[in-house]
Structure formats: structure tokens, C-alpha cells
Amino acid sequence: MLNATRPKNKTIFLYLLVPVAMFVFTVFVPLVTALVYSFYEWKGGPNKTFNGLANYIKLFHDTTFWEAFGHNIYLVVACIIGQVGIAFILVMMVNSKLVKCKTIHRTFGFFPSTISAVCIGMIWTMVYHNKYGILNWFLKAIGRSDLTQVWLNNTKLVMLLVTIPLIWQFIGYYMVIILSAISGISTDIFESAEIDGANGVQQALHITLPLIKNTMLVCITLCIAGNMKAFDSIYVMTSGGPGTASMVMAMYGYQVSFGQSNMGYGSCISVGIFVLSLIVIGGSQALINRATKGKGED
């Protein structure tokens, strides 16, 4: 029998040194740097002028930023329902005894998650194209040419149109996470429920969902964090337009920092995104925990 020895503290420290250093360099240092620069008027050159809280006062009264924040909240709500909700439904369907070739369904479900967000934006831009897009082609094919339009120029629909690709791309990602959680549930539980007469919907709502509650909370947290910093595909599709109808916070920060060369105010926007994301994530977790706790007490 091999003599297993506990590694020394020095060895553990050396193993952790590289990943911790990478985390500090890629996350902590840029965050602190952005916080410092947010107190300056800086156009990107060597000269910076300290202006105190002027950038934050400007941010508080910036209607474009708060409009972009509203668009991010729209993305969060729509994607929690569309990404996590649909992923859960599809997992229940794939796990059904009636479905054959389960591995193929899982593979094709996850496939969109492997595609670059820029490519996703280009694909869906072609789908919505007013002359060559499949959406207008389909409407013409069914005799509804009157409904064809330049879709991404419609200010009332543009947020929905840029949300659909995000939902489509990440459904498979959350399917994998939920599938891994469900695989840890004993099949005896479902067999007992089936013997007692519970149908598929009842098993999903009253057995599966409560047992994977923590995993669903993780999915929701990841969904919120991802959509609070949404940028790539929306930038490719609309660049925040028409006007500011699809502007999101990360894109606004990008435009201010690099389009207007206002690095100081752009850093302030980045800090604002970070703080608001923490508030939204923390608030959502508190609400979910309170709701689930209340149900448990009942």
C-alpha cells in the first residue's frame, strides 16, 4: 500500500500562486485601475486631470446610461425565461423515455454555445436582412409581404430581435448544467412517483425542480452576470441602434471610451456596470432564496 502524505503548505502555496496571480492580474488590477481613472478627466493621453466625483455626478444624470441599464434588465428577464426556462423544459423532454438518440439531441443542443458571439451576430443579421433574410422570405412565401420590413430598424422590436440570438445561443449551455444536476438524482425517486400516478409535468415541477434548486440558482446567477455585460452580438447586429434603442451598458462604455476618447468617463461607466451588476445579482438571489424558503416553510 502506498504511503500517502499530505502536501506541505509551501507546495500548496506554489500550486495556487500562478492561478491567483492570473486572477489578480486579469480581474482585480483592471478593476482597481478603472476605479482610479474614474476620478479623472482623461482623454487617453499622458495628461490626466483629477475631477473628483464629477464623472459619477454626470453618470447619475446620464439618461443614455440608464436607458442602457433598462435594456440590460430586459435582457436579463428575457434570458432567464428563454435560456434557463427553455433549457429546463428541453432537458425534461430529452430525458423522457419516449425520446430516442438522446446523445445526438444533447450534442446539437449544445452546438450553438460553441460558436463565436460575433458569428452569431452575423448569422442573425442575415436572418433579419430586409432583402435577403429568411424571415422576410418566409413572410413573402406565405403571402404576407405586407409584414416584411427592415427588422433591425424597428425601435419597438429591436430589443426583442437582439435578445432572440442570445437565447438561442445559450440554451444548450444551460442544458448541460441542468443535465449534470439531474443525473445525480436517483432513478428510484422517479419510478416511485410514476407508480403513484405522477405524470411528466408533475414530476418536473414537484420532484426535479426542488431537487436541483441550487443548480437552477447557479444558472440564474450566470445568466444575470452574462447579460449584464452583453456586448458582442448586439454590437455586430445594431451597434446600439437605431439611435439608442438597443444600447446596452457595455456598448455605451465602449463608445464613450474609444469612440469619444473619454477614458475617464468610460472608466466611471465600467465601475457603474460592476456595481449595478452586483446589486442585481445580489437582489435576485435574495428574492429567490426568500421565495424558496417561504415555500419550504409552507
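Modeller: One term before we start. A nonpolar core is a set of buried Ala, Val, Leu, Ile, Met, Phe, Trp, Tyr and Cys residues joined through side-chain atoms within 4.5 Å. Buried means under 20% relative accessible area, exposed over 50%, and partly exposed in between, with a 1.4 Å probe and protein chains only.

Biologist: Noted. What should I know about the source?
Modeller: This is a predicted model, where local features need pLDDT of at least 70, side-chain atom pairs count only at pLDDT 80 or more, and totals for chains, interfaces and linings use all residues. Residues are numbered from 1 along each chain as its sequence is written, and side-chain values use heavy atoms, leaving out hydrogens and water.

Biologist: How many residues does the largest nonpolar core have?
Modeller: It has 61. Those with the most contacts inside it include Phe 65, Ile 178, Ile 212 and Ile 269. Helix H7 gives the most to this core, with 14 residues. Helices here are DSSP runs (H or I, at least four residues), numbered from the N terminus; strands are E runs of at least two.

Biologist: What does Ile 269 touch?
Modeller: Leu 59, Phe 65, Met 249, Tyr 252, Gly 253 and Val 256, leaving aside neighbours within four places in sequence. Contact means heavy atoms within 4.5 Å. Met 249, Tyr 252, Gly 253 and Val 256 are among the buried residues of helix H12, which spans residues 249-259.

Biologist: Back to H7. Is Thr 163 buried or exposed?
Modeller: Buried, because its relative accessible area is 2%. Thr 163 lies in H7, residues 158-182. Its contacts are Tyr 74, Leu 75, Ala 78 and Cys 79, not counting residues up to four places away.

Biologist: How many aromatic pairs are there?
Modeller: The structure holds 13. Rings of Phe, Tyr and Trp (its six-membered ring) pair if their centres lie within 6.5 Å; planes under 30 degrees apart count as stacked, over 60 as edge-to-face and the rest as tilted.

Biologist: Why is the pair of Phe 170 and Tyr 173 edge-to-face?
Modeller: Because their planes are at 85°, with the ring centres 6.3 Å apart. They are three residues apart in H7, so about one helical turn separates them. Phe 170 is partly exposed at 28% relative accessibility, and Tyr 173 is partly exposed at 33%.

Biologist: Which rings form a cluster?
Modeller: Ring pairs link Phe 231, Tyr 235, Tyr 254 and Phe 258.

Biologist: New topic: how many salt bridges?
Modeller: One. The term means a side-chain nitrogen of Lys or Arg within 4 Å of a carboxyl oxygen of Asp or Glu. Here Asp 146 meets Arg 144, at 3.0 Å from N to O. Asp 146 is exposed at 57%, whereas Arg 144 is partly exposed at 37%.

Biologist: What about the loop between H11 and H12?
Modeller: Pro 242 is found there. The peptide bond from Gly 241 to Pro 242 is cis, with omega near -5°. Ser 239 is in that loop too. Its phi is positive, about 55°, although Ser 239 is not a glycine.

Biologist: Where is Ser 261?
Modeller: In the loop between H12 and helix H13, just after H12. Ser 261 also has a positive phi, near 55°, in a residue other than glycine. At a relative accessible area of 34%, Ser 261 is partly exposed.
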